[in-house]
Amino acid sequence: MIFELEQLLEVKFNQPSLIENALFHTTYVNENPKFKLQSNERLEFLGDAVLEIIVSDFLYHQYPKLPEGQLTTMRAQLVQEASLAYVARQFKIDQAIYLGKGEIGSGGRQRESIISDAYEAILGAIYLDQGIELATKFVNLTLLHQHQQMLASVSKDYKTHLQELVQQKGTVKIQYKVIKQEGPAHNTQFTVEVRVNDVPLAIGKGRSKKQAEISAAESALNFIDEKGNILK
């Protein structure tokens, strides 16, 4: 894994042991006390903070028109366990984690929390060894270069969830309608209203109709969650 990361980042690590440390799960450390190893928990703690600032900075500059609330939602989607585990598997990080025998036997190598923690620990190790520039490069190459596809994939669940939720009440018609379109062609912002049986439920905004629909569906789900069962 150290060699693969060096190839990806086009760099030679000063302390390769840091990267290796990022792959030591606590169960492996506990089962091998004679090696006097340190688990990846401290590196994961650091990597979590580094990841948040890198993703926040990226979204802030990539989407200059979006309000704080939408940026926060997008960041949460990108740094959630499922997203990090997905990209970690793409780079076979899941196969490089040192796990205890018991953890392996219980399916730990497939556990998203363990895989995502390892991703953050590696990021923390890269930050300590190479600084914020290479840490940012790592996140860009593994996560942010595909952020639109990942957001669409994750966010698609909002529309699906809303559809499933309202259909529990029988035959229900859901409509997404563009109620405002503003800005130049290269930076248009859409406002979409979601209606359930022709009754307005929520609105959402985005740089495409699809993003605005997803945002509207998320807002509708939040509204339903806050108000309780309003779809009687």
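Buried residues make up 44% of the 232 residues in this chain, and the model you're looking at is a predicted one. The chain's secondary structure comes to 12 helices and 3 strands, and its C-alpha trace spans about 65 × 40 × 25 Å along the principal axes. Take the contacts between residues at least 6 apart in sequence, and 55% of them join residues at least 24 apart.

**Cores**

- The largest nonpolar core has 45 residues, and those with the most contacts inside it are Tyr119, Ile126, Phe138, Val139 and Leu143. Helix H9 gives this core its largest share, 9 residues.
- Leucine 143 is a handy place to start looking around. Setting aside neighbours within four places in sequence, leucine 143 is in contact with Leu51, Val55, Leu78, Leu84, Val87, Tyr119 and Met150.
- There's also a second, separate core of 16 residues, with Val166, Ile174, Phe190 and Leu221 among them.
- As background, nonpolar side chains tend to be buried together in soluble globular proteins.

**The annotated stretch**

- The UniProt record, an unreviewed entry, has the annotation "domain: RNase III" covering residues 2–131.
- In the model, residues 2–131 are 71% helix and 0% strand, and the end C-alpha atoms of the span lie 17 Å apart.

**Helix H1 (2–9)**

- Leu5, Glu6 and Leu9 are the ones to check here: they are buried in H1. These residues cover an arc of only 100° around the axis, so they sit on the same side of H1.
- Just after H1 comes glutamate 10, with a positive phi of about 55°.

**Helix H4 (41–62)**

- H4 has 22 residues, which at 1.5 Å a residue should span 32 Å; its end C-alpha atoms are 31 Å apart, so the two agree.
- Buried in H4 are Leu43, Glu44, Gly47, Val50, Leu51, Ile54, Val55, Phe58 and Leu59. That set covers an arc of only 160° around the axis, which puts its residues on the same side of H4.
- Arg42, Phe45, Ile53 and Tyr60 are exposed on the other side of H4.
- Two of the buried residues of H4, Leu51 and Val55, turn up again in the contacts of leucine 143.

**Strands and hairpins**

- Strand E2 (residues 189–196) is mostly covered, with 7 of its 8 residues buried.
- E2 runs antiparallel to strand E1 (residues 174–182), and 8 bridges join the two. In this pairing, isoleucine 174 stands opposite valine 196 in E2.
- Ile174 also belongs to the second core.
- The hairpin of E1 and E2 has 6 residues between the strands, and glycine 183 in that hairpin takes a positive phi near 100°.
- E2 also pairs with strand E3 (residues 199–206), again in the antiparallel sense, over 7 bridges. Here threonine 191 stands opposite lysine 205 in E3.
- The hairpin of E2 and E3 has 2 residues between the strands, and asparagine 197 in the turn has a positive phi of about 55°.

**Positive phi in helix-to-helix loops**

- Glutamate 10 isn't a glycine, yet its phi is positive at about 55°. Glutamate 10 is found in the loop between helix H1 (2–9) and helix H2 (16–21).
- With a relative accessible area of 68%, glutamate 10 is exposed.
- Lysine 36 is another residue other than glycine with a positive phi, near 50°. Its place is the loop between helix H3 (26–31) and helix H4 (41–62).
- Lysine 36 is exposed too, with a relative accessible area of 76%.

Methods
Residues numbered from 1 in each chain as written. Predicted model: local features only at pLDDT ≥ 70, side-chain atom pairs only at ≥ 80, totals over all residues. Heavy atoms only, no water. Helix = DSSP H or I, 4+ residues; strand = E, 2+ residues; numbered from the N terminus. Buried < 20%, exposed > 50% of the residue type's maximum accessible area, 1.4 Å probe, protein only. Arc of directions from axis to C-beta. Pairing = 2+ DSSP bridges. UniProt positions renumbered as here; feature names shortened; annotations may be inferred. Expected span 1.5 Å × (residues − 1). Core = buried A, V, L, I, M, F, W, Y, C linked by side-chain atoms within 4.5 Å. Contact = heavy atoms within 4.5 Å.
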